[in-house]
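Morning, everyone. I have one structure to walk through today.

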Amino acid sequence: MWPFRLLLALLLGPGRAPGAWGAERRAGEEAASAGVGGEPWCPYKVLSEEGSPGRLCFRSPARGFQCAPERCTAHRSPGRALLANVLRNGSVLLQWASPPAERLPALRGFALSCSWEGAYTRFQCDSVRLGTACRDYLLADAHGSVRYRLCLRPLFAQANRSGAEPPPPPPAAECVEFTVEPAGMRDIVIAMTAVGGSICVMLVLICLLVAYLTENLTPASAKRGN
């Protein structure tokens, strides 16, 4: 049954009203709960600047990912809840912690906003809405040598019952800033290292050749005079 729901969710896309996101999220997570290894998939939508509700997509979570120092640089938000793993290939894997246990029943997803600072101004990235099962998100092909700022905010349901206690205030967004090392600079450094090593080897060979020629081709009379 769930493959049919998944196919239906993928075929029906931007033409639906924005309020359909909650129903899509529940249907998607029910379908995803039967994923590989029993771990739910992560449903998400990328919202364009034109206000389009976006198409519902799914991704496999990167459970247990650890940032290896030789191929990754970790940046953590001041509140320690949001972690940006900047990979050497220009991708950025975001990871975040779960909200407090008492607020999990009211959790309706996460809102991820992104901006990056250029030479003179700050440009907006795509906004993303993620389901409750999501605890990471991959930002692929990030630009090099620019300052990124990513903010994650949990979305909670509001209490509608009359006389009910007012819900606690929404938590502040967790934000993390980082700069992606440009791929071109890595290639230049590698190339300069290789060229520098080749030049050193050539200089050594030239010195040895000069010493050999000086020793063996000097006239015998000059040697006796010396």
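Let me start with a term: two strands pair if DSSP finds at least two bridges between them. Strands here are DSSP runs of E with at least two residues, helices are runs of H or I with at least four residues, and both are numbered from the N terminus.

Now the ground rules. This is a predicted model, where local features need pLDDT of at least 70, side-chain atom pairs count only at pLDDT 80 or more, and totals for chains, interfaces and linings use all residues. Residues are numbered from 1 along each chain as its sequence is written, and side-chain values use heavy atoms, with hydrogens and water left out.

First, the overall picture. The protein chain has four helices and eleven strands. Of its 226 residues, 31% count as buried. Buried means under 20% relative accessible area, exposed means over 50%, and partly exposed is in between, with a 1.4 Å probe and protein chains only. A contact means heavy atoms within 4.5 Å. Take the contacts between residues at least 6 apart in sequence: 62% of them join residues at least 24 apart.

How confident is the predictor? pLDDT is its confidence in each residue, from 0 to 100. The protein chain averages 75, and 65% of the residues score at least 70. Among the elements, helix α1, residues 2–11, has the lowest mean pLDDT, at 42. Strand β5 has the highest, at 96. Over residues 1–37 pLDDT stays under 50, and the model has 47 contacts beyond four places in sequence for that stretch.

So to β5, residues 92–96. Is β5 mostly covered or mostly open? Mostly covered: five of its five residues are buried. Val 92, Leu 94 and Trp 96 point one way. Leu 93 and Gln 95 point the other way, and they are buried too.

Which strands pair with β5? Strand β4, residues 82–87, runs antiparallel to β5, with five bridges joining them. There, Val 86 has Val 92 as its bridge partner. The hairpin of β4 and β5 has four residues between the strands, and Gly 90 takes a positive phi near 95° in that hairpin. Strand β9, residues 136–139, is also antiparallel to β5, joined by four bridges. Val 92 stands opposite Leu 139 in β9.

Next, β8, residues 127–130. In a regular strand the side chains alternate between the two faces of the sheet. In β8, Val 128 and Leu 130 point to one face and are buried. β8 pairs with β1 in the antiparallel sense, over four bridges. Lys 45 has Arg 129 as its bridge partner in β8. Strand β6, residues 107–117, is antiparallel to β8 too, through three bridges. In that case Leu 112 partners Val 128.

Arg 129 comes up again with Gly 54. Gly 54 sits in the loop between β1 and β2. Gly 54 is buried, at 7% relative accessible area. Gly 54 and Arg 129 are 75 residues apart along the chain, yet their C-alpha atoms are separated by 9.5 Å.

Two backbone angles now. Most residues other than glycine have a negative phi. Arg 80 is not a glycine, but has a positive phi of about 70°. Arg 80 lies in the loop between β3 and β4, and is exposed at 57% relative accessible area. Ser 145 has a positive phi near 65°. Ser 145 is in the loop between β9 and β10, and is exposed at 54%.

At 33% relative accessibility, Thr 73 is partly exposed. Leaving out residues up to four places away in sequence, Thr 73 touches Cys 67, Ala 84, Asn 85, Val 86 and Arg 88. Thr 73 and Arg 88 are 15 residues apart in sequence and 8.2 Å apart, C-alpha to C-alpha.

That's the tour. Questions, please.

Methods: pLDDT = per-residue confidence, 0-100.
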